[in-house]
Structures are given as structure tokens and as C-alpha cells.
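Here are a few exercises to work through with the structure at hand. Try each task before you read its solution.

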Amino acid sequence: EPENRDPKDKQLDGFRVDRNSGYLTTQQGVRVDHDDDSLTAGTRGPTLLEDFHAREKITHFDHERIPERVVHARGAGAYGFFEPYDDSLAQVTAARFLTTPGLRTPVFVRFSTVAGSRGSADTVRDVRGFATKFYTDQGNYDLVGNNFPVFFIQDGIKFPDFVHAVKPEPDNEIPQAQSAHDTFWDFVSLQPETLHTVMWLMSDRALPRSYRMMQGFGVHTFRFVDAHGIGTFVKFHWTPKLGTHSLVWDECQKIAGKDPDFNRRDLWDAIEAGQYPEWELGVQLVAESDEFAFDFDLLDATKIIPEEQVPVQPVGRMVLDRNPDNFFAETEQVAFHTANLVPGIDFTNDPLLQARNFSYLDTQLIRLGGPNFSQLPVNRPVTEVHTHQHDGYSQPTIQRGKASYHKNSLGSGCPALADEEVFTHYAKHVDGHVVRARSDSFTDHYSQPRLFWRSMSDVEAEHIVAAFGFELGKVTDVDIRERVVAQLDLVDHRLASRVAAQLGLDIPPESPVVDIAPPSPALSQLNTAMDSI
Ligand code: HEM
């Protein structure tokens, strides 16, 4: 047995069972020598209730399914490790796994599509999830990111609306796993904050050739916190060593038919063949004092920090070198959560992130059947766990001792620890009136999609126009098409003209270049109409 096995791999040994060795038993361990015939009254008679073996077998089968994830249902996962290059980040974060040279932290990564169901095809036009669980020696840290650096909406309260618009339409559950339909484009046309991410979605970035050739981003601005409690804003970037590569749309459609497992198979096969994919972790750091130094808001997840303004600095590498043993137990039951933090990393007030911090635990309580899923093998930290929480459905641990409350005098205490051992929330200053309104610094929806569009090569631009043509071409409501083109005109007149030409629509009159645009005429009309209802 290799000596260098990581602590997570060793921990999993305690849960591994080789199902194909030994003899067949019931769940109670009673040996079974006949698994083909039910117990019946006579060889041609009815089946007997007392056939506990058949009943147990069928009952368990009846209960095999759990709900798929409400988003990111289809995925593929692998284990590996992360190691920092050096201790350079020690100046800004107390997180040991990022600052201890040579320290290898085990990880589990799950890549996913977003919109399709568990059985949908891999090569669809979609965002890809890139979620990493670091089993650090200070507890689990989850970086739950995507392969785009921006997101469709600014505030998590819109997430249910957005996902309802993206998912198959409710009456007929069509279309599966693609963005070519009325509800998605209706939402886009009415929510201009989506435009930046929609540009990414219409680009070849939405068609990754391989999970091994895909970037990852934390998207939000997070906060590093150093040993003295000083904060620094941070954006996370994963860069694949193999380069970032895409399929083209025609290939995607053919592959979706011939091998719907294309990306999943590629990851599995590469790891089995010893071709371990690797990513470099990079960070963009912004001093707290520069919070307002940009012409966008750092708390706005629809914006990137341009690398010309803040370069990405490489800090470590991640290698995926082991496939899971069991898809369901590991890849399906893994539970990522943006609020799984370790000392040295904290949130910002990004309203999208704040909603995520509620949503993941909430959905996992139902998806994974109650409050004990953090004890599932894939989710367990490699550190010791001592809480006063007890009981609940399917509690696997036998907690010993009488005191399941704080404070107690019976032995289990909460002694004072050195600062770096405990998580301390960043002492951010909070002040303000209670309002349902967002700062004006969130209203520029056009300049970054324009920046993206104007940085494209001719071929990339051609693909984007063709993608808009294809996707909007499937939209049946012509008002929706026109509203989207009107929005694109506020991004760039040539883009809108080329898309309009693809759709056989009139070329829109050129809008003045504005970043914080008044609603388009079509949008104002709709708003007026809706107000009068
Ligand atoms: C799942 C990323 C926004 C709710 C996921 C997953 C990823 C992800 C990668 C799949 C995790 C896995 O592999 O198991 C992101 C990113 C976002 C974002 C990068 C924006 C920056 C949101 C928001 C909400 C949300 C705003 C809700 C308010 C969920 C839920 C799941 C999920 C409910 C399913 C989790 C589960 O069943 O375990 N997200 N997401 N996400 N996300 Fe997000």
C-alpha cells in the first residue's frame, strides 16, 4: 500500500465495502443462497408476506432515488490535492492550506452542467459548475465556482425566477438542457443585468471541450483575513494547465447524440490513464482601502475585475488523480456550501453570495434527507468533529457522554484557543437603513458586455452571432426577440445588427453609447403595460 496516501483517502477506507467478494446476505447479515424465486404458497401460488428477503430487496430498490440537485444536477467528480507554491499569501490570509509550502490538502472536485437534469447530455450550451471541497487541517473549505467569472443576476432573491426561466418550460418540460426557448430569453430581455453573462453563454466558453480544459472562478469578491484580523478583497481563478479549449456548436450537437457522457468520460478516462489534470490557483487581491477605486461595484457578481487593473497572481496548484469508487456515494452525495469557510477566508456583502449562504444548506437538508449529511463519507472533514448537535434522521455516530449542551461541567468544554485555530467573523462595519433597494453602483449593465464583445477575435465574434441566431431563432414570440436585439443594441450596434440580420429582423436604429441605459423603448412599453394591469 502506498505510504503517501492522503488523509481523506485513508479516512474513506473505514467506509469502503467490496460488494463483489464474499457471500450474499440480507441487510441483517443473514446468509442467502437463493435470490431468484420469491417465497410462495405452492410452486404456482401467491407470494408470502413473510418473505422478508424479497420484501427487503424490493423495498430498498423502491427507495434508491433521491431528488436530483435543483440546479447543477448532472456532474462528474474526482479526488486530488492542492498545494501552495510558497507562503506569499501569509501576508493576507491566515488559511494554512494556502500558505504552508509543501502542505498537500486533499480535495474533491465536482464539475457540472447547470440547467439539464441528471440524465441530460454533457455537450450543451450552458455554464459549467466547478466546485472544490478542500479537506483542510482546519476543517472543510468549499470554493463553489463556475467556468464563467460572472453571473446572470446581482441579487439571490432573483435566483428562483432566473432558474425557472432557464429550466424546461413548466407545461411540457421542453426543452431539456438548452437555452433556446422563450422563457429564458424573455427573462434576459427584461433583466439587462444578465447581458454580461449572456455574452459568455453565447461564446465558445459555454462549450468546453473537456473539464480538464476549463477555467474556474469563485465569481464573487471574497475576503481574505490575516492573523491580525485585517481584510483584503480576493477573486479566485483556476487556470487549466492544458489550456482553455472549446468545441464548436456543430460538434456539440453531434456528440450530444453519439456520446452524451463525452465530458464525464473524458475526465474519468484521463485519470484512469494516469493523465492527471492540473489547475493553477490564482488570486486578484484588492486592498480594503481600494473598495471604491473601480467604476463598478466589487459586490456586483455581474462584473469582472479587468486583469489590466488587477493582475492574477499564481499561488498554488491542484491535481486530480483519483476517480471515486461509487458515483452515488461520492459524486451525488457530495454537498458543497459557500458558507463552509476556514479561518482566513470570509464573505463580503455581495447580495448574491449572501443568498447562496442560505440556499445550499437549505436544499441539502431535503436533498440528502435531514441534518446528518455532513457525516457522509465524502462530506466528512479529516479534522475531528465535536458538536452538541445530536439525533436526527439516520444519525450514524454513537456519541458518548451525557452532556450534549453548552455550558457543562461534565468534561466537554469550549476552552479558549489561539486565534488562528478558531474561525472569527471579520469585524466588518455595518451601517444603514433597512431598504429593499440596491446602490447606484450596480446599474451599469452594458460596459462590461461591450468590453467582452469588443475583445473577441473575428472567429469568436462570428460564433457569438451564430449562437444568438440559433438560440433566438427558436424563440416563438417575436416581441421577445426584438427586446433582446434592442438590449444588444445598447451593448454594441454592430452586434445587434448582425444578430437582427440572422433573425430576419429590421436592423435597430443605433442607440447612443451609454452604460447606464434608460430602459429600451420596448422595455418601457412593457413596463407601462404591466403597471396598468
Ligand atoms: C449548486 C455554483 C449562484 C443555489 C451549485 C453548484 C455549483 C454552483 C458549482 C453545484 C455544486 C455541486 O457540484 O454539487 C454557483 C455559482 C453561483 C451560484 C458560481 C453564482 C456566482 C447560486 C445562487 C443560488 C444557488 C444565487 C441560490 C440563491 C444553488 C443550489 C444548488 C447549487 C440550491 C444545488 C446544491 C445541492 O443540491 O447540493 N451552484 N451557484 N446558486 N446552487 Fe449555485
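**Exercise 1.** Which residue in β10 is the bridge partner of phenylalanine 224?

Solution. Keep in mind that this is a predicted model. Start with the strands: β6 covers residues 222-225 and β10 covers residues 345-346, and two bridges join them in an antiparallel arrangement. Within β10, phenylalanine 224 has isoleucine 345 as its bridge partner.

**Exercise 2.** Find how β6 pairs with β7, and describe the turn between them.

Solution. First, count the bridges: β6 and β7 (residues 231-240) are antiparallel, with four bridges.

**Exercise 3.** Work out which side chains of β6 point the same way, and whether they are buried or exposed.

Solution. Recall that side chains in a regular strand alternate between the two faces of the sheet. In β6, Phe222 and Phe224 point one way, while Arg223 and Val225 point the other way. All four are buried.

**Exercise 4.** Determine how helices α13 and α14 are oriented to each other.

Solution. Take the axes of α13 (residues 478-491) and α14 (residues 493-503): they come within 6 Å and cross at roughly 155°. Angles over 145 degrees count as roughly antiparallel, so α13 is roughly antiparallel to α14. Now look at the contact, where residues including Val485 and Leu488 in α13 meet residues including Leu495 and Val499 in α14. By class, this contact has eight nonpolar, one polar and two charged residues.

How values were computed: Residues are numbered from 1 along each chain as its sequence is written. This is a predicted model: local features need pLDDT of at least 70, side-chain atom pairs count only at pLDDT 80 or more; totals for chains, interfaces and linings use all residues. Axes are lines fitted to C-alpha atoms, for helices over the stretch in contact, and angles run from 0 to 180 degrees between N-to-C directions. Angles under 35 degrees count as roughly parallel, over 145 as roughly antiparallel, 65 to 115 as roughly perpendicular and the rest as oblique. Two residues are in contact if their C-beta atoms, placed from the backbone, lie within 7 Å. Ala, Val, Leu, Ile, Met, Phe, Trp, Tyr, Cys and Pro count as nonpolar, Asp, Glu, Lys and Arg as charged, and the others, Gly among them, as polar. A residue is buried if 20 or more other C-beta atoms lie within 10 Å of its own, exposed if 12 or fewer, and partly exposed in between; C-beta atoms are placed from the backbone. Two strands pair if DSSP finds at least two bridges between them.
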